[in-house]
Amino acid sequence: MPTPYQIHIGSFTRKSTFFWAAVGATVGLANLWQFPYLASLHGGGLFILLYLGCLLLVTLPLMVTEASIGRYARHGIVLAMDGLIRSARSSRAWMAAGRFSILAAFLVLSFTAVFGAIALAYVFFGATGQFSGAGEPEATEVLAGLVSDPRAHREFMGWHAFFLIMVLWVSGQGVVEGLERAFRIVVPGTLVLLLALFGLATWYGRIDGAISQILGMHPQDLTWDSLRAALFHAFFTLGLGMGVWAVLGAYTTPDTRLKRSILAVVLMDTLVAILAGLMIFAMATDNSIFDGERGFSLLFVSLPVTLAELPASQFIIATVFLLVVMIVWATALALLEPVVGWFREWTGAPRELTVILVGLAVWVAGLASLFSFNVWADYRLGGATVFRWLELITGGLMIPLVAILIALFTGWCMTRNLSKIMLGTAPKLFGAIWFWVMRLVLPVVVVYIGVHYTAASLVNLCDNGSRAFWCEPAPGMVLQDKTGASSGATAAAGHTEDSSGESTLAGKEADDSSDEPRPAGQAPASEPVEEQSPPENAPKDDDILYHSV
(Lines give C-alpha, C1' and ligand atoms only; values in the text may rest on other atoms or scores of the structure.)
Protein backbone atom coordinates (compact mmCIF):
# COMPACT_ATOMS: atom_id res chain seq x y z
CA MET A 1 0.00 0.00 0.00
CA PRO A 2 1.38 3.46 -0.87
CA THR A 3 2.68 5.65 1.90
CA PRO A 4 0.07 8.11 3.18
CA TYR A 5 0.44 11.68 1.85
CA GLN A 6 2.60 10.43 -1.03
CA ILE A 7 -0.08 8.85 -3.18
CA HIS A 8 -0.81 10.42 -6.57
CA ILE A 9 -4.54 11.10 -6.59
CA GLY A 10 -4.80 11.34 -10.38
CA SER A 11 -5.17 13.84 -13.21
CA PHE A 12 -7.31 14.54 -16.25
CA THR A 13 -6.04 13.65 -19.73
CA ARG A 14 -7.62 16.55 -21.65
CA LYS A 15 -7.28 20.23 -20.83
CA SER A 16 -10.95 21.00 -21.55
CA THR A 17 -12.08 18.53 -18.87
CA PHE A 18 -11.38 21.09 -16.15
CA PHE A 19 -13.93 23.41 -17.74
CA TRP A 20 -16.64 20.75 -17.93
CA ALA A 21 -15.94 19.50 -14.41
CA ALA A 22 -15.97 23.04 -13.01
CA VAL A 23 -19.26 23.83 -14.77
CA GLY A 24 -20.73 20.65 -13.30
CA ALA A 25 -19.53 21.71 -9.86
CA THR A 26 -20.89 25.26 -10.03
CA VAL A 27 -24.22 24.83 -11.82
CA GLY A 28 -26.50 23.73 -9.00
CA LEU A 29 -30.05 23.94 -7.73
CA ALA A 30 -29.54 27.59 -6.79
CA ASN A 31 -29.46 28.35 -10.53
CA LEU A 32 -33.02 27.00 -10.72
CA TRP A 33 -34.66 27.91 -7.45
CA GLN A 34 -32.86 31.07 -6.31
CA PHE A 35 -31.38 33.09 -9.17
CA PRO A 36 -34.64 33.65 -11.14
CA TYR A 37 -36.36 34.85 -7.98
CA LEU A 38 -33.54 37.27 -7.15
CA ALA A 39 -33.32 38.67 -10.67
CA SER A 40 -37.08 39.24 -10.89
CA LEU A 41 -37.13 40.90 -7.46
CA HIS A 42 -34.04 43.11 -7.72
CA GLY A 43 -34.15 44.85 -11.07
CA GLY A 44 -33.85 42.11 -13.70
CA GLY A 45 -30.93 42.83 -16.00
CA LEU A 46 -29.49 45.38 -13.58
CA PHE A 47 -29.26 42.69 -10.91
CA ILE A 48 -27.48 40.39 -13.37
CA LEU A 49 -24.90 43.11 -14.05
CA LEU A 50 -24.51 43.66 -10.31
CA TYR A 51 -24.09 39.93 -9.80
CA LEU A 52 -21.42 39.73 -12.51
CA GLY A 53 -19.57 42.60 -10.85
CA CYS A 54 -19.56 40.74 -7.52
CA LEU A 55 -18.33 37.61 -9.28
CA LEU A 56 -15.46 39.31 -11.09
CA LEU A 57 -14.26 41.59 -8.29
CA VAL A 58 -14.78 39.39 -5.22
CA THR A 59 -15.52 35.76 -6.03
CA LEU A 60 -13.26 35.20 -9.05
CA PRO A 61 -9.98 35.92 -7.17
CA LEU A 62 -10.90 33.33 -4.52
CA MET A 63 -11.80 30.76 -7.20
CA VAL A 64 -8.45 31.34 -8.92
CA THR A 65 -6.65 31.04 -5.57
CA GLU A 66 -8.22 27.72 -4.59
CA ALA A 67 -7.65 26.20 -8.03
CA SER A 68 -4.06 27.52 -8.17
CA ILE A 69 -3.31 26.03 -4.74
CA GLY A 70 -4.37 22.61 -5.99
CA ARG A 71 -2.52 22.87 -9.29
CA TYR A 72 0.66 24.14 -7.65
CA ALA A 73 0.74 21.31 -5.10
CA ARG A 74 -0.88 18.59 -7.28
CA HIS A 75 -2.76 17.48 -4.16
CA GLY A 76 -6.07 18.08 -2.43
CA ILE A 77 -6.66 21.12 -0.26
CA VAL A 78 -5.35 19.62 3.01
CA LEU A 79 -1.98 18.46 1.71
CA ALA A 80 -1.69 21.51 -0.56
CA MET A 81 -2.14 23.85 2.41
CA ASP A 82 0.39 21.78 4.36
CA GLY A 83 3.01 22.33 1.66
CA LEU A 84 2.31 26.05 1.35
CA ILE A 85 2.44 26.51 5.13
CA ARG A 86 5.84 24.83 5.23
CA SER A 87 7.11 26.95 2.33
CA ALA A 88 5.90 30.14 3.99
CA ARG A 89 7.15 28.96 7.42
CA SER A 90 3.81 29.86 8.95
CA SER A 91 1.85 28.51 11.90
CA ARG A 92 0.28 25.06 11.60
CA ALA A 93 -2.98 26.63 12.73
CA TRP A 94 -3.59 27.56 9.08
CA MET A 95 -4.22 23.85 8.43
CA ALA A 96 -7.73 24.47 9.76
CA ALA A 97 -8.61 25.89 6.33
CA GLY A 98 -8.03 22.55 4.62
CA ARG A 99 -9.66 20.43 7.31
CA PHE A 100 -12.79 22.56 7.60
CA SER A 101 -13.17 22.59 3.82
CA ILE A 102 -13.25 18.77 3.72
CA LEU A 103 -15.79 18.63 6.53
CA ALA A 104 -17.94 21.25 4.79
CA ALA A 105 -17.85 19.30 1.52
CA PHE A 106 -18.85 16.13 3.36
CA LEU A 107 -21.81 17.76 5.13
CA VAL A 108 -23.07 19.62 2.07
CA LEU A 109 -22.84 16.41 0.05
CA SER A 110 -24.85 14.56 2.70
CA PHE A 111 -27.93 16.75 2.22
CA THR A 112 -27.33 17.38 -1.47
CA ALA A 113 -27.89 13.66 -1.98
CA VAL A 114 -31.26 13.98 -0.23
CA PHE A 115 -32.39 16.64 -2.73
CA GLY A 116 -31.05 14.48 -5.54
CA ALA A 117 -33.22 11.63 -4.26
CA ILE A 118 -36.34 13.81 -4.38
CA ALA A 119 -35.55 14.93 -7.95
CA LEU A 120 -34.91 11.32 -8.99
CA ALA A 121 -38.26 10.24 -7.57
CA TYR A 122 -39.95 13.12 -9.41
CA VAL A 123 -38.65 11.82 -12.74
CA PHE A 124 -40.67 8.66 -12.19
CA PHE A 125 -43.63 10.51 -10.65
CA GLY A 126 -43.81 12.73 -13.72
CA ALA A 127 -43.44 9.85 -16.17
CA THR A 128 -46.22 7.85 -14.50
CA GLY A 129 -48.63 10.77 -14.63
CA GLN A 130 -48.93 11.57 -10.94
CA PHE A 131 -49.04 15.30 -11.76
CA SER A 132 -51.50 15.05 -14.66
CA GLY A 133 -54.22 17.63 -14.06
CA ALA A 134 -52.79 18.35 -10.61
CA GLY A 135 -53.31 21.58 -8.75
CA GLU A 136 -51.24 22.80 -5.82
CA PRO A 137 -53.11 20.63 -3.26
CA GLU A 138 -52.41 17.49 -5.28
CA ALA A 139 -48.77 18.44 -5.91
CA THR A 140 -48.34 19.13 -2.21
CA GLU A 141 -49.79 15.72 -1.41
CA VAL A 142 -47.29 14.04 -3.75
CA LEU A 143 -44.40 15.84 -2.08
CA ALA A 144 -45.75 15.11 1.39
CA GLY A 145 -46.14 11.44 0.57
CA LEU A 146 -42.47 11.21 -0.35
CA VAL A 147 -40.76 13.60 2.06
CA SER A 148 -42.72 14.21 5.22
CA ASP A 149 -44.89 11.15 5.75
CA PRO A 150 -43.24 9.14 8.57
CA ARG A 151 -44.91 5.97 7.29
CA ALA A 152 -43.21 6.31 3.88
CA HIS A 153 -39.68 7.14 5.05
CA ARG A 154 -38.34 3.79 3.83
CA GLU A 155 -39.36 4.63 0.28
CA PHE A 156 -37.55 7.96 0.65
CA MET A 157 -34.50 6.07 1.94
CA GLY A 158 -34.63 3.87 -1.14
CA TRP A 159 -34.51 6.84 -3.51
CA HIS A 160 -31.69 8.31 -1.40
CA ALA A 161 -29.64 5.10 -1.66
CA PHE A 162 -30.38 4.86 -5.40
CA PHE A 163 -29.05 8.37 -6.04
CA LEU A 164 -25.92 7.82 -3.95
CA ILE A 165 -25.16 4.55 -5.75
CA MET A 166 -25.26 6.47 -9.06
CA VAL A 167 -22.68 8.92 -7.68
CA LEU A 168 -20.43 6.32 -6.05
CA TRP A 169 -20.43 4.05 -9.11
CA VAL A 170 -18.95 6.82 -11.29
CA SER A 171 -16.44 7.94 -8.66
CA GLY A 172 -15.27 4.39 -8.10
CA GLN A 173 -14.22 4.09 -11.77
CA GLY A 174 -11.36 6.53 -11.19
CA VAL A 175 -10.43 10.05 -12.25
CA VAL A 176 -10.14 9.31 -15.98
CA GLU A 177 -12.52 6.41 -16.58
CA GLY A 178 -15.10 7.71 -14.11
CA LEU A 179 -15.00 11.45 -13.43
CA GLU A 180 -13.50 12.71 -16.67
CA ARG A 181 -15.75 10.59 -18.84
CA ALA A 182 -18.86 11.45 -16.81
CA PHE A 183 -18.24 15.20 -16.77
CA ARG A 184 -17.48 15.29 -20.49
CA ILE A 185 -20.77 13.49 -21.26
CA VAL A 186 -23.19 14.58 -18.52
CA VAL A 187 -22.42 18.31 -18.39
CA PRO A 188 -22.69 18.98 -22.16
CA GLY A 189 -25.77 16.72 -22.18
CA THR A 190 -27.28 18.81 -19.39
CA LEU A 191 -26.68 22.02 -21.35
CA VAL A 192 -28.23 20.52 -24.50
CA LEU A 193 -31.25 19.37 -22.51
CA LEU A 194 -31.57 22.82 -20.97
CA LEU A 195 -31.51 24.42 -24.41
CA ALA A 196 -34.17 21.96 -25.63
CA LEU A 197 -36.42 22.78 -22.67
CA PHE A 198 -35.79 26.48 -23.22
CA GLY A 199 -36.89 26.05 -26.84
CA LEU A 200 -40.00 24.23 -25.65
CA ALA A 201 -40.76 27.01 -23.17
CA THR A 202 -40.32 29.57 -25.95
CA TRP A 203 -42.72 27.65 -28.20
CA TYR A 204 -45.46 27.04 -25.64
CA GLY A 205 -44.79 29.76 -23.11
CA ARG A 206 -44.69 33.52 -22.81
CA ILE A 207 -41.08 34.28 -23.57
CA ASP A 208 -41.71 38.03 -23.90
CA GLY A 209 -42.95 38.24 -20.32
CA ALA A 210 -40.03 36.12 -19.12
CA ILE A 211 -37.48 38.35 -20.87
CA SER A 212 -39.08 41.40 -19.32
CA GLN A 213 -39.03 39.78 -15.89
CA ILE A 214 -35.44 38.46 -15.96
CA LEU A 215 -33.56 40.65 -18.46
CA GLY A 216 -35.54 43.89 -18.46
CA MET A 217 -33.96 46.87 -16.75
CA HIS A 218 -36.00 47.87 -13.70
CA PRO A 219 -33.99 50.53 -11.83
CA GLN A 220 -36.86 51.18 -9.43
CA ASP A 221 -36.35 47.71 -7.94
CA LEU A 222 -32.60 48.14 -7.38
CA THR A 223 -31.70 48.84 -3.73
CA TRP A 224 -28.85 48.22 -1.31
CA ASP A 225 -30.53 44.89 -0.57
CA SER A 226 -29.95 44.04 -4.23
CA LEU A 227 -26.20 44.44 -3.76
CA ARG A 228 -26.30 42.24 -0.69
CA ALA A 229 -28.34 39.59 -2.48
CA ALA A 230 -25.95 39.61 -5.46
CA LEU A 231 -22.96 39.32 -3.14
CA PHE A 232 -24.46 36.42 -1.21
CA HIS A 233 -25.44 34.55 -4.35
CA ALA A 234 -22.02 35.11 -5.96
CA PHE A 235 -20.26 33.71 -2.90
CA PHE A 236 -22.42 30.72 -1.99
CA THR A 237 -23.29 29.17 -5.36
CA LEU A 238 -19.89 28.41 -6.88
CA GLY A 239 -18.61 25.61 -4.64
CA LEU A 240 -16.10 27.77 -2.77
CA GLY A 241 -14.68 26.85 0.62
CA MET A 242 -15.13 23.09 0.17
CA GLY A 243 -11.92 22.00 -1.52
CA VAL A 244 -13.66 21.41 -4.87
CA TRP A 245 -11.66 23.96 -6.82
CA ALA A 246 -8.40 22.78 -5.26
CA VAL A 247 -8.91 19.15 -6.25
CA LEU A 248 -10.05 20.10 -9.75
CA GLY A 249 -6.97 22.32 -10.04
CA ALA A 250 -4.82 19.38 -8.96
CA TYR A 251 -6.32 17.28 -11.77
CA THR A 252 -5.63 19.83 -14.54
CA THR A 253 -3.24 19.04 -17.36
CA PRO A 254 -0.05 21.17 -17.56
CA ASP A 255 -1.32 23.06 -20.62
CA THR A 256 -4.70 24.03 -19.09
CA ARG A 257 -5.16 27.80 -19.04
CA LEU A 258 -6.53 27.95 -15.54
CA LYS A 259 -7.56 31.59 -15.16
CA ARG A 260 -9.13 31.77 -18.60
CA SER A 261 -11.04 28.55 -17.93
CA ILE A 262 -12.33 29.83 -14.58
CA LEU A 263 -13.59 33.03 -16.21
CA ALA A 264 -15.38 30.92 -18.82
CA VAL A 265 -16.93 28.82 -16.03
CA VAL A 266 -18.23 31.93 -14.27
CA LEU A 267 -19.81 33.22 -17.46
CA MET A 268 -21.30 29.81 -18.27
CA ASP A 269 -22.78 29.48 -14.78
CA THR A 270 -24.43 32.90 -15.18
CA LEU A 271 -25.73 32.01 -18.64
CA VAL A 272 -27.26 28.78 -17.34
CA ALA A 273 -28.94 30.67 -14.50
CA ILE A 274 -30.41 33.18 -16.97
CA LEU A 275 -31.67 30.43 -19.31
CA ALA A 276 -33.17 28.54 -16.38
CA GLY A 277 -34.93 31.68 -15.18
CA LEU A 278 -36.30 32.44 -18.65
CA MET A 279 -37.48 28.84 -19.02
CA ILE A 280 -39.26 28.82 -15.66
CA PHE A 281 -41.02 32.15 -16.14
CA ALA A 282 -41.89 31.45 -19.78
CA MET A 283 -43.60 28.19 -18.83
CA ALA A 284 -45.88 29.99 -16.40
CA THR A 285 -49.37 30.14 -17.88
CA ASP A 286 -49.99 33.16 -15.65
CA ASN A 287 -47.29 35.81 -15.49
CA SER A 288 -47.78 36.16 -11.74
CA ILE A 289 -47.75 32.47 -10.87
CA PHE A 290 -44.14 32.50 -9.67
CA ASP A 291 -44.22 35.89 -7.98
CA GLY A 292 -42.37 35.49 -4.68
CA GLU A 293 -41.69 31.82 -5.40
CA ARG A 294 -38.27 30.29 -4.82
CA GLY A 295 -36.57 27.34 -3.24
CA PHE A 296 -38.28 24.11 -2.39
CA SER A 297 -41.86 25.21 -3.11
CA LEU A 298 -40.93 26.58 -6.54
CA LEU A 299 -39.16 23.45 -7.75
CA PHE A 300 -41.28 20.69 -6.24
CA VAL A 301 -44.77 22.22 -6.03
CA SER A 302 -45.35 25.22 -8.31
CA LEU A 303 -43.28 24.03 -11.26
CA PRO A 304 -44.94 20.58 -11.64
CA VAL A 305 -48.38 22.24 -11.40
CA THR A 306 -47.46 24.66 -14.18
CA LEU A 307 -45.95 21.97 -16.40
CA ALA A 308 -49.01 19.76 -15.94
CA GLU A 309 -51.00 22.20 -18.09
CA LEU A 310 -48.75 21.77 -21.14
CA PRO A 311 -49.29 19.19 -23.90
CA ALA A 312 -47.44 15.89 -23.27
CA SER A 313 -47.04 16.97 -19.65
CA GLN A 314 -45.88 13.56 -18.43
CA PHE A 315 -42.90 13.61 -20.80
CA ILE A 316 -42.12 17.28 -20.08
CA ILE A 317 -42.23 16.91 -16.29
CA ALA A 318 -40.06 13.79 -16.41
CA THR A 319 -37.56 15.58 -18.68
CA VAL A 320 -37.40 18.69 -16.51
CA PHE A 321 -36.65 16.65 -13.41
CA LEU A 322 -34.16 14.52 -15.35
CA LEU A 323 -32.37 17.83 -15.96
CA VAL A 324 -32.51 18.52 -12.21
CA VAL A 325 -31.11 15.06 -11.46
CA MET A 326 -28.21 15.57 -13.89
CA ILE A 327 -27.42 18.94 -12.30
CA VAL A 328 -27.43 17.55 -8.74
CA TRP A 329 -25.54 14.42 -9.84
CA ALA A 330 -22.68 16.49 -11.31
CA THR A 331 -22.61 18.65 -8.17
CA ALA A 332 -22.51 15.56 -5.94
CA LEU A 333 -19.62 14.07 -7.94
CA ALA A 334 -17.65 17.31 -7.50
CA LEU A 335 -18.40 17.46 -3.75
CA LEU A 336 -17.40 13.83 -3.23
CA GLU A 337 -13.99 14.21 -4.86
CA PRO A 338 -12.27 16.43 -2.22
CA VAL A 339 -13.31 13.96 0.50
CA VAL A 340 -12.17 10.93 -1.50
CA GLY A 341 -8.87 12.61 -2.41
CA TRP A 342 -8.20 13.60 1.21
CA PHE A 343 -8.94 10.12 2.53
CA ARG A 344 -6.64 8.51 -0.04
CA GLU A 345 -3.82 10.93 0.76
CA TRP A 346 -4.32 10.41 4.48
CA THR A 347 -4.52 6.60 4.48
CA GLY A 348 -3.00 5.50 1.19
CA ALA A 349 -6.11 3.35 0.59
CA PRO A 350 -7.06 2.31 -2.96
CA ARG A 351 -9.74 4.36 -4.65
CA GLU A 352 -12.44 1.67 -4.74
CA LEU A 353 -12.22 1.06 -0.99
CA THR A 354 -12.09 4.80 -0.29
CA VAL A 355 -15.23 5.47 -2.34
CA ILE A 356 -17.12 2.71 -0.52
CA LEU A 357 -16.11 3.91 2.94
CA VAL A 358 -16.76 7.59 2.21
CA GLY A 359 -20.03 6.69 0.48
CA LEU A 360 -21.25 4.78 3.52
CA ALA A 361 -20.37 7.72 5.77
CA VAL A 362 -22.20 10.14 3.45
CA TRP A 363 -25.24 7.83 3.40
CA VAL A 364 -25.39 7.68 7.21
CA ALA A 365 -24.94 11.45 7.54
CA GLY A 366 -27.59 12.01 4.87
CA LEU A 367 -30.09 9.97 6.85
CA ALA A 368 -29.93 12.62 9.57
CA SER A 369 -31.23 15.21 7.09
CA LEU A 370 -33.70 12.76 5.55
CA PHE A 371 -35.21 11.84 8.93
CA SER A 372 -35.45 15.54 9.81
CA PHE A 373 -38.32 15.80 7.35
CA ASN A 374 -40.36 12.88 8.72
CA VAL A 375 -39.60 10.59 11.68
CA TRP A 376 -37.37 13.12 13.49
CA ALA A 377 -39.41 16.19 12.52
CA ASP A 378 -40.61 16.75 16.10
CA TYR A 379 -37.08 16.61 17.55
CA ARG A 380 -35.76 20.15 17.40
CA LEU A 381 -32.88 21.94 19.08
CA GLY A 382 -33.36 25.68 19.37
CA GLY A 383 -36.35 25.45 17.05
CA ALA A 384 -34.39 23.79 14.21
CA THR A 385 -34.19 20.28 12.85
CA VAL A 386 -30.91 18.44 12.29
CA PHE A 387 -30.99 19.40 8.62
CA ARG A 388 -31.45 23.08 9.43
CA TRP A 389 -28.48 23.07 11.82
CA LEU A 390 -26.29 21.30 9.26
CA GLU A 391 -27.22 23.89 6.65
CA LEU A 392 -26.59 26.75 9.08
CA ILE A 393 -23.24 25.40 10.33
CA THR A 394 -21.88 24.82 6.82
CA GLY A 395 -23.28 27.95 5.17
CA GLY A 396 -22.92 30.35 8.07
CA LEU A 397 -19.71 29.13 9.69
CA MET A 398 -17.53 26.60 7.88
CA ILE A 399 -17.57 27.85 4.29
CA PRO A 400 -17.03 31.53 5.21
CA LEU A 401 -14.33 30.54 7.72
CA VAL A 402 -12.42 28.56 5.08
CA ALA A 403 -12.65 31.46 2.62
CA ILE A 404 -11.39 33.92 5.23
CA LEU A 405 -8.48 31.70 6.26
CA ILE A 406 -7.38 31.11 2.66
CA ALA A 407 -7.63 34.83 1.86
CA LEU A 408 -5.66 35.88 4.95
CA PHE A 409 -3.01 33.21 4.45
CA THR A 410 -2.39 33.95 0.77
CA GLY A 411 -2.62 37.71 1.29
CA TRP A 412 -0.47 38.07 4.41
CA CYS A 413 1.64 34.94 4.95
CA MET A 414 2.82 33.95 1.48
CA THR A 415 5.69 35.87 -0.06
CA ARG A 416 5.12 37.79 -3.26
CA ASN A 417 7.44 35.44 -5.10
CA LEU A 418 5.62 32.32 -3.89
CA SER A 419 2.30 33.91 -4.84
CA LYS A 420 3.54 34.65 -8.37
CA ILE A 421 4.80 31.10 -8.79
CA MET A 422 1.53 29.65 -7.53
CA LEU A 423 -0.66 31.91 -9.72
CA GLY A 424 1.46 31.40 -12.82
CA THR A 425 1.58 33.84 -15.70
CA ALA A 426 -0.91 36.66 -15.24
CA PRO A 427 -1.29 40.29 -16.35
CA LYS A 428 0.10 42.84 -13.92
CA LEU A 429 -3.32 44.39 -13.33
CA PHE A 430 -4.84 41.02 -12.42
CA GLY A 431 -1.98 40.31 -10.03
CA ALA A 432 -2.43 43.64 -8.26
CA ILE A 433 -6.21 43.26 -7.99
CA TRP A 434 -5.83 39.69 -6.76
CA PHE A 435 -3.32 40.70 -4.08
CA TRP A 436 -5.42 43.49 -2.57
CA VAL A 437 -8.70 41.61 -2.84
CA MET A 438 -7.26 38.61 -1.00
CA ARG A 439 -5.49 40.79 1.55
CA LEU A 440 -8.18 43.32 2.43
CA VAL A 441 -11.44 43.13 0.51
CA LEU A 442 -12.35 39.45 0.66
CA PRO A 443 -11.81 38.88 4.41
CA VAL A 444 -14.00 41.87 5.29
CA VAL A 445 -16.73 40.91 2.81
CA VAL A 446 -16.83 37.26 3.85
CA VAL A 447 -16.92 38.14 7.55
CA TYR A 448 -19.97 40.26 6.81
CA ILE A 449 -21.56 37.44 4.78
CA GLY A 450 -20.96 34.81 7.46
CA VAL A 451 -22.13 36.97 10.35
CA HIS A 452 -25.22 38.23 8.54
CA TYR A 453 -26.12 34.75 7.26
CA THR A 454 -25.84 33.24 10.74
CA ALA A 455 -27.66 36.07 12.52
CA ALA A 456 -30.50 36.18 9.99
CA SER A 457 -30.87 32.40 10.12
CA LEU A 458 -31.12 32.43 13.92
CA VAL A 459 -33.71 35.21 13.74
CA ASN A 460 -35.62 33.11 11.25
CA LEU A 461 -35.73 30.30 13.82
CA CYS A 462 -37.26 32.76 16.28
CA ASP A 463 -39.92 33.60 13.69
CA ASN A 464 -40.66 29.86 13.52
CA GLY A 465 -41.45 29.78 17.22
CA SER A 466 -38.06 28.92 18.73
CA ARG A 467 -37.63 29.69 22.44
CA ALA A 468 -33.83 29.61 22.31
CA PHE A 469 -31.85 32.14 24.35
CA TRP A 470 -31.00 34.27 21.29
CA CYS A 471 -34.74 34.80 20.78
CA GLU A 472 -35.08 36.52 24.15
CA PRO A 473 -35.48 40.27 23.55
CA ALA A 474 -32.96 42.60 25.11
CA PRO A 475 -34.27 45.22 27.57
CA GLY A 476 -36.07 47.95 25.68
CA MET A 477 -36.27 45.95 22.45
CA VAL A 478 -39.53 46.34 20.56
CA LEU A 479 -41.28 43.05 19.84
CA GLN A 480 -43.30 42.44 16.74
CA ASP A 481 -45.98 39.84 16.30
CA LYS A 482 -46.48 37.82 13.15
CA THR A 483 -48.93 40.26 11.67
CA GLY A 484 -46.39 43.07 11.79
CA ALA A 485 -48.02 44.86 14.73
CA SER A 486 -45.71 46.13 17.44
CA SER A 487 -46.10 45.08 21.05
CA GLY A 488 -44.04 47.94 22.45
CA ALA A 489 -44.42 51.69 22.58
CA THR A 490 -43.10 52.12 19.05
CA ALA A 491 -44.16 50.12 15.99
CA ALA A 492 -41.44 48.01 14.43
CA ALA A 493 -40.91 47.84 10.70
CA GLY A 494 -43.51 45.65 9.01
CA HIS A 495 -41.05 43.25 7.47
CA THR A 496 -38.33 40.81 8.38
CA GLU A 497 -35.21 39.86 6.49
CA ASP A 498 -34.25 36.35 5.59
CA SER A 499 -30.75 34.95 5.18
CA SER A 500 -30.43 36.20 1.65
CA GLY A 501 -31.01 39.81 2.61
CA GLU A 502 -34.33 40.13 0.79
CA SER A 503 -37.17 41.83 2.60
CA THR A 504 -40.33 39.77 2.98
CA LEU A 505 -43.65 40.69 4.53
CA ALA A 506 -43.61 39.48 8.10
CA GLY A 507 -47.16 38.23 8.08
CA LYS A 508 -46.82 36.16 4.90
CA GLU A 509 -43.43 34.65 5.66
CA ALA A 510 -44.30 33.87 9.26
CA ASP A 511 -47.53 32.18 8.26
CA ASP A 512 -45.79 30.16 5.55
CA SER A 513 -43.13 28.90 7.95
CA SER A 514 -45.38 28.33 10.96
CA ASP A 515 -44.61 25.25 13.00
CA GLU A 516 -48.27 24.60 13.83
CA PRO A 517 -48.88 20.98 12.73
CA ARG A 518 -51.55 20.42 10.15
CA PRO A 519 -52.36 17.64 7.66
CA ALA A 520 -50.24 17.64 4.53
CA GLY A 521 -51.77 19.70 1.77
CA GLN A 522 -54.26 21.48 4.06
CA ALA A 523 -53.91 25.24 4.35
CA PRO A 524 -54.50 27.20 7.55
CA ALA A 525 -58.09 28.21 8.15
CA SER A 526 -57.35 31.85 7.44
CA GLU A 527 -56.11 31.12 3.92
CA PRO A 528 -57.94 29.91 0.82
CA VAL A 529 -57.41 26.26 0.05
CA GLU A 530 -55.73 27.18 -3.23
CA GLU A 531 -52.82 28.88 -1.43
CA GLN A 532 -50.83 25.78 -0.66
CA SER A 533 -47.39 25.60 0.93
CA PRO A 534 -44.91 22.72 1.00
CA PRO A 535 -45.57 19.95 3.52
CA GLU A 536 -44.99 21.07 7.10
CA ASN A 537 -41.89 18.96 7.63
CA ALA A 538 -40.37 19.64 4.21
CA PRO A 539 -37.54 22.17 4.03
CA LYS A 540 -38.82 25.74 4.10
CA ASP A 541 -37.67 28.21 1.47
CA ASP A 542 -35.65 30.06 4.11
CA ASP A 543 -33.96 26.78 5.09
CA ILE A 544 -32.37 26.13 1.68
CA LEU A 545 -30.82 29.30 0.44
CA TYR A 546 -27.19 29.39 -0.45
CA HIS A 547 -25.33 26.18 0.20
CA SER A 548 -23.67 25.03 -3.01
CA VAL A 549 -26.30 22.62 -4.13
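The structure is a predicted model, in which local features need pLDDT of at least 70, side-chain atom pairs count only at pLDDT 80 or more, and totals for chains, interfaces and linings use all residues. Residues are numbered from 1 along each chain as its sequence is written, and side-chain values use heavy atoms, with hydrogens and water left out. The protein has 20 helices and two strands; helices (H or I, at least four residues) and strands (E, at least two) are DSSP runs, numbered from the N terminus.

**The whole chain**

- Of the 549 residues, 61% count as buried. Buried means under 20% relative accessible area, exposed means over 50%, and partly exposed lies in between (1.4 Å probe, protein chains only).
- The accessible surface comes to about 21,400 Å², and 65% of that surface belongs to carbon and sulfur atoms. Accessible areas come from the Shrake-Rupley method with a 1.4 Å probe, and for residues only the protein chains shown count as cover.
- Taking contacts between residues at least 6 apart in sequence, 82% join residues at least 24 apart. Contact means heavy atoms within 4.5 Å.

**Helix packing**

- Two packed helices are described by the angle between their axes and the distance between the axes. Axes are lines fitted to C-alpha atoms, for helices over the stretch in contact, and angles run from 0 to 180 degrees between N-to-C directions.
- Angles under 35 degrees count as roughly parallel, over 145 as roughly antiparallel, 65 to 115 as roughly perpendicular, and the rest as oblique.
- Helix α5 (residues 77-88) packs with helix α6 (residues 96-127) at an angle of about 175°, and their axes are 8 Å apart. The two helices are therefore roughly antiparallel to each other.
- On the α5 side the contact is made by I77, V78 and M81, and on the α6 side by A97, G98, R99, S101 and I102. By class, the contact of α5 with α6 has five nonpolar, two polar and one charged residues. In this scheme Ala, Val, Leu, Ile, Met, Phe, Trp, Tyr, Cys and Pro count as nonpolar, Asp, Glu, Lys and Arg as charged, and the others, Gly among them, as polar.
- The axes of α4 and helix α17 (residues 386-413) cross at roughly 75° and come within 11 Å. That makes α4 roughly perpendicular to α17.
- L62, T65, E66 and I69 of α4 meet A403, I406 and T410 of α17. The residues of this contact divide into four nonpolar, two polar and one charged.

**Loops and backbone angles**

- Most residues other than glycine have a negative phi, and most peptide bonds are trans.
- R74 has a positive phi, near 60°, and is not a glycine. R74 lies in the loop between α4 (45-73) and α5 and is partly exposed, at 27% relative accessibility.
- R89 also is not a glycine and has a positive phi of about 55°. R89 lies in the loop between α5 and α6 and counts as exposed, at 79% relative accessibility.

- L29 sits in the loop between α1 (17-26) and α2 (30-33). L29 counts as buried because its relative accessibility is 1%. The C-alpha atoms of L29 and V325 are separated by 9.7 Å, although these residues are 296 residues apart along the chain.
- T190 belongs to helix α9 (residues 175-204) and is buried, at 9% relative accessibility. T190 and M326 are 136 residues apart in sequence and 6.5 Å apart in space, C-alpha to C-alpha. Leaving aside neighbours within four places in sequence, T190 is in contact with L323, M326 and I327.
- F236 is part of helix α11 (residues 224-236) and counts as buried, at 1% relative accessibility.
- F430 is found in helix α19 (residues 428-463). F430 and P61 are 369 residues apart in sequence and 8.9 Å apart in space, C-alpha to C-alpha. Leaving aside neighbours within four places in sequence, F430 is in contact with V64 and K259.

**Cysteines**

- A disulfide is a covalent bond between the sulfur atoms of two cysteines. Here a disulfide is taken as a pair of cysteine sulfur atoms within 2.5 Å, and the count comes to zero disulfides.
- C54 is buried, with a relative accessible area of 7%, whereas C413 is partly exposed, with a relative accessible area of 24%.
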